[in-house]
Amino acid sequence: MLGDREGPLVSTAEHVLAALRGMGVDNATIEVDGAEVPIMDGSAAAFVAAIDQAGIVTQPAVRRFIQVLKPVQVKIGDAMGELRPFAGGFRAEVEINFANKVIGHQTYAFDLSPEGFRREVARARTFGCMNDVARLWGAGFALGASFDNTVVFDEARLLNAEGLRYADECARHKVLDVIGDLALAGLPLLGSYRSVRGGHKLNNAVLKALLADRGAWRVVESETARRPVRGHVEAGASAVGGLVAPAYGPDVS
Ligand SMILES: [Zn+2]
C-alpha cells in the first residue's frame with residue numbers, strides 16, 4: 001500500500017459511466033451511498049461484473065444518440081482533443097506522451113462495442129507517477145490510492161509487483177476515461193474522438209464545445225445501436241440539459 005488513509009478519490013464516477021456506456025446501457029439509475037463512488041481496482045471491471053450480474057433489459061423504445069456533424073477541436077496547453085463525424089458508431093483514439101520514460105509514448109484506438117469494451121478496455125487501471133501521487137496526497141487528493149487500485153510508476157520502473165494487465169494499459173485507461181467523460185453528454189455519441197496528452201478536463205471541454213455549437217451535432221434515433229441514424233429527430237436542445245459539468249481536481253486518470 002502507498003498509504004492506508006481513506007478519503008475521496010478523483011473521477012471514479014466516470015469509471016461507472018464508462019462501464020454503462022461501454023456495455024451499451026443507456027437507461028439506469030445510479031445511487032451512491034457515500035461521498036464518492038468506490039474506486040474498486042482502479043478500472044471498470046467490477047462495474048462490468050455488476051452489470052453482468054444484474055443483466056441488461058432491452059426496452060421497447062428507440063435509442064437516441066448525439067451524432068457529430070462537423071469537427072470540433074479544443075486545445076489546452078499542449079493537449080488537444082477533437083470530435084469528428086464518424087460513420088461507424090463511436091471511436092476513441094488517444095495518444096499520451098509522458099516525460100516519465102516508463103510510461104513514455106503510447107497510442108491506442110478503440111471502436112466501441114460491448115464485447116470489445118469488456119475485453120480490451122474495462123480492465124485497464126488508473127495510473128500515476130509516484131511523485132504526482134505524493135503531491136496529490138499533500139494537496140488532500142487521491143488519499144485512497146494504493147497499489148491495489150492504481151498503477152504506479154517511478155522514474156525507472158513500474159512499482160506494482162503484479163505487473164501490467166496490458167503493455168499499453170495507460171493508454172487504454174485513457175480510452176476508458178474518454179468513454180466515461182463523454183457519457184456526460186446525456187446521450188451516446190456517434191462520432192470519433194481523438195486526444196493528444198488529454199485528460200478529464202480536456203474531454204469535458206471538447207464535449208462542451210460540441211454541444212455549444214448547434215451546427216455541430218444533431219439528435220438521431222435508432223432501434224438498435226448497430227443500426228444507427230434514422231434521420232433527423234429534433235433540434236436537440238434537450239440533450240444539452242443532460243450535460244453535467246463536474247469540477248475536477250488535479251488531472252488524475
Ligand atoms: Zn480513470
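Predicted model: local features only at pLDDT ≥ 70, side-chain atom pairs only at ≥ 80, totals over all residues.

Biologist: Why is helix α5 called largely enclosed?

Modeller: Helix α5 counts 14 buried residues out of 14, so the rest of the structure largely encloses it. The helix covers residues 169–182. From first C-alpha to last it reaches 20 Å, close to the 20 Å expected at 1.5 Å a residue.

Biologist: What makes α3 and α5 oblique to each other?

Modeller: Their axes cross at roughly 140 degrees. Angles over 145 count as roughly antiparallel and 65 to 115 as roughly perpendicular, while the rest, apart from those under 35 degrees, are oblique. The α3 and α5 pair is therefore oblique.

Biologist: Which residues make that contact between α3 and α5?

Modeller: On the α3 side you'll find Phe-117, Glu-120 and Val-121, and on the α5 side Arg-172, Val-175, Leu-176 and Ile-179. By type, that contact has five nonpolar residues, two charged and no polar ones. The two axes come within 10 Å.

Biologist: How do you know that His-200 is buried?

Modeller: Its relative accessible area is 2%, and buried means under 20%, so His-200 qualifies. His-200 is found in helix α6, residues 200–212.

Biologist: On to the strands. How do you know that β1 pairs with β8?

Modeller: Pairing takes at least two bridges, and two bridges join β1 to β8, so the pair meets the cut-off. These strands run parallel, and Gln-67 stands opposite Leu-190 in β8.

Biologist: What other pairing does β1 have, and in which sense?

Modeller: β1 also pairs with β9, residues 217–222, in the antiparallel sense over six bridges. There, Val-68 stands opposite Trp-217.

Biologist: Why is β1 described as largely enclosed?

Modeller: Five of its six residues are buried, so the rest of the structure largely encloses β1.

Biologist: And what do β2 and β3 form?

Modeller: They form a hairpin, with two residues between the strands. β2 and β3 pair in the antiparallel sense over five bridges, and Lys-75 has Met-80 in β3 as its bridge partner. In the turn, Gly-77 has a positive phi of about 60 degrees.

Technical notes: Residues numbered from 1 in each chain as written. Heavy atoms only, no water. Helix = DSSP H or I, 4+ residues; strand = E, 2+ residues; numbered from the N terminus. Expected span 1.5 Å × (residues − 1). Buried < 20%, exposed > 50% of the residue type's maximum accessible area, 1.4 Å probe, protein only. Axes fitted to C-alpha atoms, helices over the stretch in contact; angles between N-to-C directions. Contact = heavy atoms within 4.5 Å. Nonpolar A, V, L, I, M, F, W, Y, C, P; charged D, E, K, R; others polar.
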